[in-house]
Every structure is written in C-alpha cells, then in structure tokens.
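I opened the model to look up two things.

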Amino acid sequence: MWENRCKVAISGVGFSKVTRSAEIPLAAHALTAVKEAVADAGLQLSDIDGLATYPELPATGHAEVDGISIVSVNCMMTMLKLPDLSWHIQVGTTNIGGAVQQAVNALLAGVCKYAVVWRAMHNPRGTYQNLPGAYAQGAAQFTAPYGFGGPGQGMAVAYTRWLERHNQSREKMATLAVTQRRHTQHNPHAYFYGTPLTREDYLNSRMVAYPFCLFDCDIPVQGAVAIVLTTADRARDLQPRPAYLAGYGQRLHFEVAGRIGSLSNYMEGGSSSAKLTWERSGFSPKDVNVAQIYDGFSASVIYGLESYGFCKEGTALDFIQDGRIELDGELPLNTFGGSLGTGRIHGLWHIIEGALQASGRAGSRQVKDANVSFVGASAPIVTGTTFIFVGDPY
Amino acid sequence: MSEWSKVTRPIPAPNEWTKPFWDAAKRGVLELQRCQSCGHFQHPPYATCVKCIATDLKFEAVRHDGVGGAGTIYAYTIMYHTGDKRFASAVPYASIIVELDDAPGALLAGNLLEAPYTEAKVGRRVEVVFEKLNDDITLPQFRLARATPAE
C-alpha cells in the first residue's frame, strides 16, 4: 500500500452555470467555479497558494484563445493575483486527472498548502469537430481523407469491434443513458437537470456515428468546475468533511497516434492505471461502494468497467442491467449524471462526485453508507487517470 | 450505396515518414513501414518499430496472392453526421479499419466502396483498390473481396 494514502483530501467543490453556448467569456465561468470551491472549503481566495489545470480545447479546428476558449494557469494567475502563490502547473499527457495528481504531489512535497484545480470547457460556434481543411497533416493524413473527424468516430470503430466480437447489441446501452439521466435529476448544476430521458427516446434518437446515437454523446457546453485540495491535517480543520485520497493511477500504455480502432489501447490503458490505484489503496473492485467512470462517449464506460476490473471483458452491457447501477444498486454509477447528464466538462466533475460521495456530501443522490469511492476520470485510451476517495481514513 | 462522386476529401500531406507510402500508392502498390530487425509491418508509420524499438525501418510491399492488399474489417463506423459538408453527399457511409493478412497489427483506415454501407461488418473480407485524388495522391481504399482467400 501507498505510504501517502489518506494524506491529501478534497475539501471544497465549485460549479459555474453550464450553458449551451458561450454567452460570457470562459474565464468568468472558471472564476465562478474557483470562488465557489474556495468558499465551500471555508477558505479565502488569499489562502490559495497552488494552481493546476489541463486547459485543452478538445474541439478540432478552433483557435485556443486564453480566457475565451481555454483558461490557462497564466489566465487564472492574472485574475486572482494570489498574494501567497507558491506553486502551479499545467499538464499535457494526462488530462485533468493528471492536474489533480500533480496538485496532490505538490501538497505531499510541502510546496503549497491549499491547491485549486479547475476545468473550464468552451463550446465554440459551428461544428465542434472539424475535419482538416484542404490538406490532412500528420496522423490525420491516414484518417481524415476517409471522413474520420473527431474522437467520436475513433471511439465508434472500437465500439463496433467490441459489440460484434462479443455478440452484444447497442440497444442495451439505453439502460446507461436512462439511468444516468435519472441520476441527473438530483444534480441542479447539470445541463440536463429537469430534462428526463426515456428508453424510447434513446432507441429512437438519430444516429451520429454508428453505433453511437445522439444520447451516446455528451453535449458540448460552456462551463467550469473546480476543487480545493489540501493536506489531511489541514482538511480536518475545515468545515466540510474531507474526502481522503486513498490512491491514484495513470495510464502506462499508449499506441501510435492515428492507429484507431484498437481495443487494446483502451483496455491496457485502463488496466495499467487501475492496477496502480488498487495496489496503492489496498482495495479491489469488490470493495467499491460507488463509481464514477468517464462517459464523454457512452462506450468509455464499457472500457472502464472492464479494464478497471469491475467485470469481465465483453460483459459490461450485461453488468449495467437489472438495477445494478442505480443509486441503491450494487455499484451505483455516475451518480451525478455523468458527462451525458452534466454536459461536456471532462473528468473533473467525476472526481468531484467521487469526493462528494466519499464524504457524504452528495445530497439527495447520496449513496447510503458509501465509503470507498472509485473514479475513472477520463477515457482509458487517452489519459486514463483513476482515483479512490474514502470518507474514513485508514 | 454511398454517393462518393461529389465528395471532396482532405488531401493527405506526406512528410518525411510517410512519403514512401504515398509514392507507392500512386503506383498502385501497398507499401508499409517494415522493421528491418524483426520483420514487423506497422501502420501508421512511426519513428521506431512498435515491436522491438529498432530504428532501421523501410517501406516494403505487402503481398498476398500477388494483389498486395487482402484483409479483414477490424472495426468500422457508419457516419450519419453531416458536420463536414464535403462528405454530406456520401452520408451514411462506412469508414472502416482494415487489418491486412500479411501485416497483422497494422491498421489501415478506408471506406467500404462499391457496396452498401450495411455490408460493413467486423471480420468481412476486403481487398484494396486505389482511388486517384490528383496527380500526386492516390488513396488506398477497400471493397468486399472478390476472390476467396487462399487457405
């Protein structure tokens, strides 16, 4: 087990309004989320001395403009003018989960006391994923000429392979979409709060990139979420019950860019990350009381459930049936609604929900007696960070 | 059947690693990067052999029954979304990933041509055809296999 388990905790969470289009600059959303997270922890902005994010705009073919379409560390630093700032970082390979892990490392190293991590996501005007212009450069030269555009299609090809190799049907995914949308009705911050979804809605919805229909894809939105992390001894002095970090992991596998359709990329990415988290925390999948698994596209949940070890390869669509992922089920899943419910804010919201469930702060969607709270914060292929939070340190 | 004649495809821009692939395709030959140390074919091209980390890589023709491009559909998607208007006339169309018989592990993207998109299934036999885009670039593409595979 990891000697640093339960030595860092999440003590505050914050949310901006989530809107479909960009009515105000993204920096304002990020600022709202950060201020809320700091207030939730019972701290002042001036207490914050560490900053971390992953600022990438995943939409292709759109400019990254700091403060408008991304919110970098420099942007946040400029806005907050923190008097005691002592550490900051912006990560590349590991998505937002990596920014959280770096903040954990900085707190353990003693180079900051209260770190803020935010994820701000922009929804650009026009088509979200654009194919290249007249010429396809780099890895895209082997895919874009055939009409392969964004990550949706890249994930869709692996999903057909999974479905047909395991003799499964995409209709079973309706259970995930409908259950998560029901969870969403307990999350007032979510984009689809107040909008129910039925099995018929799912089965009759328009196809986007087979096997993905509209409700297999998270909706692009404008919004931001943020957390405050601190050391366990400091967290105990704050008002919210701490969510202690029991262990974390990151993907240790990567295949050549442009080699799309490969299932091993997902499965080995996920299993390599989860193995670290299980070993460091001392827990195994059967110990988990509640799980958040990244669902930017629904199939990510399949790869997550299987590669993290919750069920055998080829069985995830059966695993999610029969009430197992309901709030009172055997493995309550994406209890905040997931990205399919909140809108496309990437994995920091999964981490937030993992922390809220572990600390008993999830309100009407709280899973009874939840202690061991698992998070797969991004698709196993790209970034694959995993976490376990607990309410009871050990 | 998808209407491809009105589609304007993004044109591949070859670089130092990929130029031999496109030069060969222009001649109607499928050449992939091959490790000169362990013999592994790989695609897309990369700086090192993905099997043994050797850096001595050369493009060589992948041959099967003298055709050079028999394989199976490894994975596929049917595209319905018309976000890119250049492909709108072909929707719905099959974008497929093919694993060649003689280059296991190398995955080539393509479209399923000369067949309804509903014919795309994992494991279906396909063979390469070449689609000329302009004087410089010819795209390897795929259609359902006509010859039965050699045992």
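**Notebook: chain A overall, chain B strands**

I started with the contacts in chain A. Among those with a separation of 6 or more, 77% are between residues 24 or more positions apart. I kept in mind that this is a predicted model.

Next I looked up the secondary structure. Chain A holds 12 helices and 12 strands.

Then I checked the dimensions. The C-alpha atoms of chain A fill a box of roughly 55 × 45 × 40 Å along the principal axes. I compared the radius of gyration with the globule rule. A compact globule of 394 residues would come out near 21 Å, and chain A has 20 Å, so the two agree. I also looked up burial: 61% of the 394 residues of chain A count as buried.

I moved to chain B and picked strand 2, residues 31-35. Is this strand buried or exposed? I found 5 of its 5 residues buried, so strand 2 of chain B is largely enclosed by the rest of the structure. The cut-off I used for buried is 20 or more other C-beta atoms within 10 Å.

Which strands pair with strand 2 of chain B? Strand 4 of chain B, residues 57-61, runs antiparallel to strand 2 and is joined to it by 5 bridges. I noted one pair there: B:Glu31 bridges to B:Ala61. Strand 3 of chain B, residues 41-42, also pairs with strand 2 in the antiparallel sense, over 2 bridges. Here B:Arg34 has B:Phe41 as its bridge partner.

Last, I looked at the turn. Strands 2 and 3 of chain B make a hairpin, with 5 residues between them. In that turn B:Gly39 has a positive phi of about 85°.

Definitions and conventions: Residues numbered from 1 in each chain as written. Chains lettered and ligands numbered in written order. Predicted model: local features only at pLDDT ≥ 70, side-chain atom pairs only at ≥ 80, totals over all residues. Helix = DSSP H or I, 4+ residues; strand = E, 2+ residues; numbered from the N terminus. Rg over C-alpha atoms; globule rule 2.2 N^0.38 Å. Buried ≥ 20, exposed ≤ 12 C-beta atoms within 10 Å, placed from the backbone. Contact = placed C-beta atoms within 7 Å. Pairing = 2+ DSSP bridges.
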